[in-house]
Amino acid sequence: MKFFNAGQIYAADKSTIEKQGISSNELMERAAVQIFNWLHLRMQGAQVKIHLFCGIGNNGGDGMALARHLKEHGYNIEVNVVNYSDKRSKDFLINLDRLKDLKIWPNFLERDCGFAEIGRDDIIVDAIFGIGLNRNPDPWVAKLIQHLNHSGAFILAVDVPSGVFMDKAIEDTNAVIRANHVLSFQAPKLIFFLPETGVFSNQWEVLDIGLDPEYLAATETEYDLMGKNEVLPMYVPREKFSHKGTYGHSMIIGGSYGKIGAVALAARAALTVGSGLVTAYVPRCGYVPIQTLLPEVMVITDKDEDCIKSIEFDIRPTVVGLGVGLGTSPETAEALSGFLDGIESPLVIDADGLNLLSKHKELLKKLPPKTILTPHPKELERLVGSWKDDFEKLKKTKAFSKKHDVIIVIKGAHSITVYGGHGYVNTTGNPGMATAGSGDTLTGIITGLVAQGYAPLDATIFGVYLHGRAGDIALEQTGYQALTASKIIDAIGMAFIDLFKMPEVPEQEGQEES
Ligand SMILES: NC(=O)C1=CN([C@@H]2O[C@H](COP(=O)(O)OP(=O)(O)OC[C@H]3O[C@@H](n4cnc5c(N)ncnc54)[C@H](OP(=O)(O)O)[C@@H]3O)[C@@H](O)[C@H]2O)[C@@H](O)CC1
Ligand SMILES: Nc1ncnc2c1ncn2[C@@H]1O[C@H](COP(=O)(O)OP(=O)(O)O)[C@@H](O)[C@H]1O
Ligand SMILES: [K+]
């Protein structure tokens, strides 16, 4: 699914209006009817007080039109116009008049006016600002927003929570609605998925308002949301007349005294994701534990007992996953440098492998094209430098990816894979995955996919999706707290099976379970 920016959404509106021969107000009516239907289905006429807060632009217009439908269906409403500007939009004014025709007189809220009490059990509809916000709200509007946030009432936001910008960071977090639920038109917004802005949209849902499908299909976007439909075409099927050589040889290089488990996790994940062969390259102290834990995995040891000091072997792996549990000693840095001089295979780098690149930036020049880097935020900061907000983080990551021709996964609640100036936002995963070794597992998954012939970018996007999906499936048995990295690996098989499950069809009304 695509993430459209504000300019593209306005262009889609225009194209829809022209091609479908409708007025902008008719499009607004569609949007409002969709929201009304959503609410009506859930409320079934309940007389809970609904406070609508409408701005003076088209987001406010949506709110006005919604108020009319609610009134016509007997709901208990109160309409407030947040009068932050004299520049009322044409469609706002049309809908204000139509509301007055029903003898509804909104309260006009201005600077210095008091705000009425709102009950904890009431509902607030937030239609103050939509995607047109382009500067900080006035202090009195911020005060109103605080009043709404502190009311304890359920807040339903129209399109976006008022106060978030579409393409830049929030400056005053007190001037943003904390929505319980967002009903967003046509497509989700990138801001729902970024850590700093996502917290304002607890839950979100997309309402299809029938924008011009041709325009939407033809428009290139900078970011995409990667769900099952998007990753499924990347899947590489298993062939009948294949053998283990068909599915490649993954080598996991890493580990140091006390951190051999990281290699065990990555190696087991590579195997479980389908790599034909897996070899672990570890310091000598890792030999017995890996051989004991993982009978399927071969082991090559470094000369040193406790950490890797030279990376030398006489096999030709299809892909190398490097860095988990590795440590960052100068000898290990030296070993990495020598290894990169002779590297012939694609490379996935994580954890201390990334920290070594940050400490010795000259090594970046030695990376093969399309090397995959999987940093968590702290590792990313060491690589690309600090950022002031999520948007700058993305900008810096893109620039780094372009400069060094590397694929970067910004790990987090919604991991984002960055390559070629494009961002792929993952949909799977859960907070139970914020646990030791969860990232090592991802390294193994991506490595094992590259081994099987997935192109590096596909392996990364598909691997991030599969990792999160395995975490979601494991969660059903463990709950958040008891989810461990090993359980994520155990669920990889189910995550593959899940790719081919049809979505559940909702039960028909009156249908009996057989
Ligand atoms: N296809 C779709 O998705 C459809 C979308 N629709 C709806 O339209 C919404 C977008 O509407 P919108 O363009 O009128 O902008 P909105 O957010 O209401 O802001 C109003 C105006 O406020 C101004 N302004 C900005 N910042 C300000 C500030 N801090 N303090 C004071 N003023 C400020 C700024 O005008 P300016 O003063 O800069 O000229 C801005 O234009 C969208 O979110 C959705 O709800 C549907 O109706 C139909 C289909
Ligand atoms: N709140 C969360 N929701 C979804 N996924 C998460 C969350 N927190 C962490 N993860 C995932 O868990 C993994 C953690 O990686 P990392 O921090 O490198 O762990 P470790 O170093 O312990 O292996 C990443 O893939 C990340 O996307
Ligand atoms: K809003």
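Author: Helices here are DSSP runs of H or I with at least four residues, and strands are E runs of at least two. Counted that way, this predicted model has 18 helices and 18 strands in its chain.

Reader: What span does the C-alpha trace of the chain have along its principal axes?

Author: The trace spans about 85 × 55 × 45 Å. The chain has 514 residues, and 48% of them count as buried.

Reader: What makes a residue such as T427 count as buried?

Author: The cut-off is 20 or more other C-beta atoms within 10 Å of the residue's own. T427 has 20 such atoms, so T427 is buried.

Reader: Where is T427 placed, and which residues is T427 in contact with, leaving aside neighbours within four places in sequence?

Author: T427 sits in the loop between β18 (422-426) and α15. Contact calls for C-beta atoms within 7 Å, and with those sequence neighbours left aside T427 has such contacts with L225, M226 and G227. As for K228, its C-alpha lies 8.7 Å from that of T427, although the two are 199 residues apart in sequence.

Reader: Which ligand has α15 as the source of the largest share of its shell?

Author: That is ligand 2, where helix α15 (residues 438-451) provides 4 residues of the shell. In total 18 residues surround ligand 2, and the closest are H376, G429, A434, S438 and G439. By class, this shell has 7 nonpolar, 9 polar and 2 charged residues.

Reader: What makes up the surroundings of ligand 1?

Author: Ligand 1 is surrounded by 33 residues, the closest being G57, N58, N59, G130 and G132. At least two shell residues come from each of α1 (6-20), α2 (24-43) and α3 (58-72), and α3 gives the most, with 5. The shell divides into 14 nonpolar, 13 polar and 6 charged residues.

Reader: What makes a group of residues a nonpolar core, and which residues touch the most other members of the largest one?

Author: The members must be buried, belong to a set of nonpolar residue types, and be joined through C-beta atoms within 7 Å. The largest core has 151 residues, and L52, V125, I252, V263 and A267 touch the most other members. Helix α16 (residues 456-478) gives the most to this core, with 10 residues. Domain 1 (2-218) and domain 2 (230-499) each supply at least three residues to this core. As for L52, its contacts beyond four places in sequence include G63, L66, I77 and V125.

Reader: How many residues of domain 1 and domain 2 are in contact with each other?

Author: 7 residues of domain 1 are in contact with 7 residues of domain 2. The domain 1 side comprises 4 nonpolar, 1 polar and 2 charged residues. The C-alpha centres of domain 1 and domain 2 lie 42 Å apart.

Note on methods:
Residues are numbered from 1 along each chain as its sequence is written. Chains are lettered from A and ligands numbered from 1 in the order in which they are written. This is a predicted model: local features need pLDDT of at least 70, side-chain atom pairs count only at pLDDT 80 or more; totals for chains, interfaces and linings use all residues. A residue is near a molecule or strand if its C-beta atom, placed from the backbone, lies within 6 Å of it. Ala, Val, Leu, Ile, Met, Phe, Trp, Tyr, Cys and Pro count as nonpolar, Asp, Glu, Lys and Arg as charged, and the others, Gly among them, as polar. A residue is buried if 20 or more other C-beta atoms lie within 10 Å of its own, exposed if 12 or fewer, and partly exposed in between; C-beta atoms are placed from the backbone. Domain bounds come from an automatic or database domain assignment. Two residues are in contact if their C-beta atoms, placed from the backbone, lie within 7 Å.
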